[in-house]
Amino acid sequence: MGRIPILRDIIGIIKDKASQSKAALLSDPKTLSLHLALLRATTHDPFAPPDPKHLDALLASGDTSRASVSTVVEALMDRLQTTRDASVALKCLITAHHIVKRGSFILQDQLSVYPSNGGRNYLKLSDFRDNTTSLTWELSSWVRWYALYLENLLQTSRILGFFLSSTSSSAGKDEEQEEKVSSLINSQLLNEIDSLVNLIEQISRMPDSSHAEGNLLVEEVAGSVVEDYLSSINEVSIRVGELKERLSCLSFFDSVELVLALKRLEDCKERLSSLSQMKNALFETVWHSISEIKVQIGNDGGGRSSMGSSKNKVSESSRYGERVVKLADSVKFSSIRFSF
């Protein structure tokens with residue numbers, strides 16, 4: 001049994017060398033270095049994450065022409081779709097995540113249109129299976145989850161209007177975001193909160209990493225996603241803080257939608273707490289704040305905006321609001337706006 005992984009590693013090395021030799025013969029000389037960097041960043045090694053120098057070479061393409069950028073993204077997505085090796089697929093997804101976090105706007109833009117350009121969804125990997133070894137079977141579950149997570153991340157970024165957790169848009173972003181959200185109407189704010197909660201729910205579904213403990217490839221994925229979790233919670237807090245200022249003019253249905261979204265968020269709390277050992281004050285304050293806003297909505301009877309002219313309608317709405325609040329009894333949020 002112990003010889004199988006060793007043999008597979010040797011085969012993987014041979015495949016990597018063959019792919020690079022093929023690229024050297026068939027690739028356009030103008031983009032050869034980019035193709036080689038991609039192949040070297042997405043090797044068959046099931047334990048090591050992509051080499052930073054090869055990732056940097058790919059990210060540097062974002063400072064060139066749009067044609068070169070398009071070639072990089074297309075080659076990345078093609079490699080992701082054609083491989084049946086869990087290690088290669090996971091490294092392709094890690095590379096895509098680095099583009100979201102550290103890539104230039106052109107790189108990010110080219111990547112973001114792939115899942116939504118009306119054609120094939122290159123991140124749909126729900127059927128991915130590599131049963132070569134017990135390790136590749138374990139990594140396959142990470143591939144399926146990570147691809148769906150990145151799809152959600154891109155969708156949320158489109159709704160927010162910027163790439164979440166991107167270093168290119170992080171400097172001074174909190175103040176800018178507070179100013180931006182203050183100009184949005186209630187339905188837009190609720191839509192952004194719903195999208196962020198969807199993303200956080202997906203984070204909470206991260207596979208159990210205990211079976212892959214010590215695997216640097218898995219640790220790379222988990223670490224990057226936990227960073228996104230912190231950014232997501234921060235964005236939620238900004239928007240909920242804004243909605244708290246508007247509680248007196250929220251419609252009944254908007255209040256119900258907000259409470260239910262926050263209930264979904266709190267339902268993830270236990271699973272999320274196991275993802276990171278970080279004792280971040282932001283996390284604790286946000287969870288405490290969810291209860292605060294729920295209580296305020298409950299005291300307001302589920303929103304004060306007019307539901308009709310008759311007192312009976314208002315009373316009925318208030319009673320229904322109380323039932324919703326009881327259903328989501330553990331939900332809380334505050335008006336505090338956080339910055340890093």
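Mentor: Before we begin, a helix here is a DSSP run of type H or I with at least four residues, a strand is a run of type E with at least two, and both are numbered from the N terminus. The model before us is predicted.

Trainee: How many helices does the protein chain have?

Mentor: Read along the sequence, the pattern is α-α-α-α-α-α-α-α-α-α-α-α-α-α. The chain has 0 strands, and its number of helices is 14.

Trainee: In which helix is Ser204 found?

Mentor: Glu201 is found in helix H9, which covers residues 186-204. Ser204 is likewise found in helix H9.

Trainee: Is Ser204 buried or exposed?

Mentor: A residue counts as buried under 20% relative accessible area and as exposed over 50%. The relative accessible area of Ser204 is 6%, so Ser204 is buried.

Trainee: Which residues does Glu201 contact, leaving aside its neighbours within four places in sequence?

Mentor: At 15% relative accessibility, Glu201 counts as buried. With its sequence neighbours within four places left aside, Glu201 is in contact with Arg264 and Cys268.

Trainee: At roughly what angle do the axes of helices H2 and H3 cross?

Mentor: Two packed helices are described by the angle between their axes and the distance between them. H2 passes H3 in a left-handed crossing. The contact is made by Leu34, Ala37, Leu38, Arg40 and Ala41 of H2 with His54, Leu55, Ala57 and Leu58 of H3. The axes of H2 (residues 32-41) and H3 (residues 52-60) come within 9 Å and cross at roughly 145°.

Trainee: Which residue caps the N-terminal end of H5?

Mentor: H5 (residues 86-102) has 17 residues and reaches 24 Å from its first C-alpha to its last. Of these residues, 16 are buried, so H5 is largely enclosed by the rest of the structure. At its N-terminal end, a side-chain oxygen lies 2.9 Å from the backbone nitrogen of Ser87, and the capping residue is Asp85.

Notes:
Residues are numbered from 1 along each chain as its sequence is written. This is a predicted model: local features need pLDDT of at least 70, side-chain atom pairs count only at pLDDT 80 or more; totals for chains, interfaces and linings use all residues. Side-chain values use heavy atoms; hydrogens and water are left out. Axes are lines fitted to C-alpha atoms, for helices over the stretch in contact, and angles run from 0 to 180 degrees between N-to-C directions. A crossing is left-handed if the near helix is turned anticlockwise from the far one by less than a right angle, and right-handed if clockwise. Contact means heavy atoms within 4.5 Å. The expected span of a helix is 1.5 Å times one less than its number of residues. Buried means under 20% relative accessible area, exposed over 50%, partly exposed in between (1.4 Å probe, protein chains only). A polar contact is a pair of N or O atoms within 3.5 Å; within protein, one must be able to donate a hydrogen and the other to accept it, and residues adjacent in sequence count only if both atoms are side-chain atoms.
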